[in-house]
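Have the sequence and the coordinates at hand as you read.

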Amino acid sequence: MLERPAGPARTPDWGIADAGTGVGTPSAEVHRGDCWAQGRKLRPVSAERARAELAGGMRACAVCRPDTVLNRP
């Protein structure tokens, strides 16, 4: 028998979601977990991973601005 989770799924603090679909646009963006602009699929990541992705050049969401919260320019 399969067990059901105790409650609703926890909203992650940070995540990575696919962004643009056109040529020359980044393929992913870092988002806050509660961002309304994250799209359908948000892959949860730790704050450390989010910082590393931003430092590596991944674009930050222009709506929720995770770079300002994570202290990344």
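Two residues are in contact when heavy atoms of theirs lie within 4.5 Å. With that in mind, 50% of the contacts in the chain with a separation of 6 or more are between residues 24 or more positions apart. Please keep in mind throughout that this is a predicted model.

**Overall layout**

The chain has 73 residues, of which 32% count as buried. It holds 2 helices and 4 strands, and reading from the N terminus the elements follow the order β-β-β-α-β-α.

The 4 strands come together in an open sheet of mixed pairing, ordered β3-β1-β2-β4. At its edges are β3 (43–45) and β4 (59–60), each of which pairs on one side only. Helix α1 (residues 47–55) lies across β1 (14–18), β2, β3 and β4, and runs at about 45° to β1.

**How the strands pair**

Let us go through the sheet pair by pair. β1 and β2 run antiparallel and are joined by 5 bridges. On its other pairing, β1 meets β3, again in the antiparallel sense, over 3 bridges. Strand β2 (residues 28–32) and β4 run parallel, with 2 bridges between them.

Gly-15 has His-31 as its bridge partner in β2, and in β3 the bridge partner of Gly-15 is Pro-44. Further along the sheet, Val-30 stands opposite Ala-60 in β4.

Strand β1 is mostly covered, with 4 of its 5 residues buried.

**The nonpolar core**

Which residues make up the largest nonpolar core? There are 10 in all: Trp-14, Ile-16, Ala-28, Val-30, Val-45, Ala-47, Ala-50, Leu-54, Ala-60 and Leu-70. Two or more residues each come from β1, β2 and α1, and α1 gives the largest share, 3 residues.

Leaving aside residues up to four places away in sequence, Val-45 touches Trp-14, Gly-15, Ile-16 and Ala-50.

Leu-42 sits in the loop between β2 and β3. Is Leu-42 buried or exposed? Leu-42 counts as buried, because its relative accessibility is 18% and the cut-off for burial is under 20%. Again not counting residues up to four places away in sequence, Leu-42 touches Pro-12, Gly-15, Ile-16, Ala-17, His-31, Arg-32 and Gly-33. One of these, Ala-17, is 25 residues from Leu-42 in sequence, yet the two C-alpha atoms are 4.8 Å apart in space.

How many disulfides does the count come to? The count is 0. A disulfide would need two cysteine sulfur atoms within 2.5 Å. The sulfur of Cys-35 has its closest cysteine sulfur in Cys-64, at 3.7 Å, so the pair is too far apart for a bond. Cys-61 is in no disulfide either, as the nearest cysteine sulfur, that of Cys-35, is 3.8 Å away.

**Arg-65 and Asp-67**

Arg-65 is found in the loop between β4 and α2. Its backbone deserves a look: Arg-65 has a positive phi of about 45° although it is not a glycine. Asp-67 belongs to helix α2 (residues 66–69). The side chains of Asp-67 and Arg-65 make a polar contact at 2.8 Å.

**Accessibility at a glance**

| Residue | Relative accessible area | Class |
|---|---|---|
| Cys-35 | 5% | buried |
| Cys-61 | 3% | buried |
| Asp-67 | 7% | buried |
| Arg-65 | 39% | partly exposed |

Technical notes:
Residues are numbered from 1 along each chain as its sequence is written. This is a predicted model: local features need pLDDT of at least 70, side-chain atom pairs count only at pLDDT 80 or more; totals for chains, interfaces and linings use all residues. Side-chain values use heavy atoms; hydrogens and water are left out. Buried means under 20% relative accessible area, exposed over 50%, partly exposed in between (1.4 Å probe, protein chains only). A polar contact is a pair of N or O atoms within 3.5 Å; within protein, one must be able to donate a hydrogen and the other to accept it, and residues adjacent in sequence count only if both atoms are side-chain atoms. Two strands pair if DSSP finds at least two bridges between them. Axes are lines fitted to C-alpha atoms, for helices over the stretch in contact, and angles run from 0 to 180 degrees between N-to-C directions. A nonpolar core is a set of buried Ala, Val, Leu, Ile, Met, Phe, Trp, Tyr and Cys residues joined through side-chain atoms within 4.5 Å.
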